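Here are my notes for your review. Please read them beside the model.

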Amino acid sequence: MPFAGFIFIVLLFAVLTKGQLYSMGSLKLLLSQSYVLLISCVGVFMVMTMGGLDFSQGSMLGICSVVVCYLSNYNIVLAILCGVLTGGIIGFINGFFNVKRKITSFIVTICNMYLIRGIVAYATTKTPVYGASNITSYNTLGVNLTFTIAILLIAFAIFQYTGLGNRLKAIGAGETAARFAGVRVEKTKMLVYAAAGMITGLAAFINSIKVGSVTSTAGNQLETQIMIALVLGGMPVNGGAKVKFYNIILGAMTYKILIAGLVMLGIEPKTQQLIMGIVFLVMVAVFADRETGMIVK
């Protein structure tokens, strides 16, 4: 069904836009708008596979972008490393409260979303945080595409061939059964939340070189975009055995084509939100696993 939906969206907007959406210029713009979403989806994909949710990704991208831009004035490699470390620390905090304090991931990440968004707003109150004068020189097709593909390939290899994917699916299907099967559930969940934050730190680098500065709106609504994209790609909301890695790429590209097509047709933003809300509701109804009765962990 996700593949059929993707093909339908592609063909629909090919007709409605008379092929303009797939012109070379439009495709380059579409691709440039997809890198951050694709990378950010990887971390949330892992969290959702084990039955959790992460709504702190947008705020996390904002604070990591502040770190990257600020430190890029000193050293770009240091900026990237510290951006990744910042994301990892926030992800670890998410994991700590979820695993050790037994607070559902939804509540933990919502709280962190508002907390970190406040920090980003405070950091950018007087003026945006500017990166180095040459930071946008890294914003090339080669750098962006290579960076994104490398992250996707590494994540795919780890998820598919190291056993991590099976452990995450086992946790998503049922934590108690996973423990009896020998999965170290608490350790795995902590590491995955931290890894999701670190991946968002990498996405912050792409975001920073694209705009060259950070304002209080950096990463705004990213968590919603990630959720809609993954569900459009066929990702079960409560994770488990039905999860497939292609959900990331298929969902992100479906979402971006849908948004780009609506914009090109001149659909106003409030109508776009209405359409996306209906689509999201339908996809959740289709892909939610009603047998387990478990949605959020």
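1. Q221 has a relative accessible area of 42%, so Q221 counts as partly exposed (buried is under 20%, exposed over 50%, partly exposed in between; 1.4 Å probe, protein chains only). Q221 sits in the loop between strand 2 (213-214) and helix 11 (helices, H or I, of at least four residues and strands, E, of at least two are DSSP runs, numbered from the N terminus). Its phi is positive, about 70°, although Q221 is not a glycine.

2. Basis of these notes. The model is predicted: local features need pLDDT of at least 70, side-chain atom pairs count only at pLDDT 80 or more, and totals for chains, interfaces and linings use all residues. Residues are numbered from 1 along each chain as its sequence is written, and side-chain values use heavy atoms, with hydrogens and water left out.

3. K102 also deserves a backbone check. Its phi is positive, near 60°, and K102 is not a glycine. K102 belongs to the loop between helix 5 and helix 6. With 57% relative accessibility, K102 is exposed.

4. Now the charge pairs. Side chains of opposite charge can pair when their charged atoms come close. The count here is five salt bridges (a side-chain nitrogen of Lys or Arg within 4 Å of a carboxyl oxygen of Asp or Glu). K100, K102 and E186 are linked in a network of such bridges.

5. E186 and K100 meet at 3.5 Å, N to O. E186 lies in helix 10 (residues 185-211) and K100 in the loop between helix 5 and helix 6, so this pair ties together parts 86 residues apart in sequence. E186 also bridges to K102, with the closest N and O atoms 3.3 Å apart. That pair, too, links distant parts of the chain, 84 residues apart. E186 is partly exposed at 31%. K100 is partly exposed at 45%.

6. Another salt bridge joins E268 and K270, at 3.9 Å from N to O. E268 is partly exposed, with 41% relative accessible area. K270 is exposed, at 60%.

7. Which residues make the nonpolar surface patch? L85, I89, F92, I93, F96, F97, I103, F106 and I107 form it, over about 760 Å². Patch members have over 30% relative accessible area and no salt bridge; like charges are joined within 9 Å, nonpolar side chains (Val, Leu, Ile, Met, Phe, Trp, Tyr) within 5 Å. Areas come from the Shrake-Rupley method with a 1.4 Å probe; for residues, only the protein chains shown count as cover. Helix 5 (76-99) and helix 6 (105-123) each give two or more residues. Helix 5 supplies the largest share, six residues. I93 is in helix 5 and is partly exposed at 36%.

8. Please look at E223, in helix 11 (residues 222-232). E223 is buried yet has no salt bridge. The nearest side chain of opposite charge, R117, is 5.4 Å away (Lys and Arg count as positive, Asp and Glu as negative; His and the chain ends are not counted). Beyond four places in sequence, E223 touches D54, F55, Q57, G58, S59 and M113 (contact means heavy atoms within 4.5 Å).

9. Q57, one of those contacts of E223, is in helix 4 (residues 57-72). Q57 is buried, at 0% relative accessible area. Its other contacts beyond four places in sequence include S40, V44, A196 and T200.
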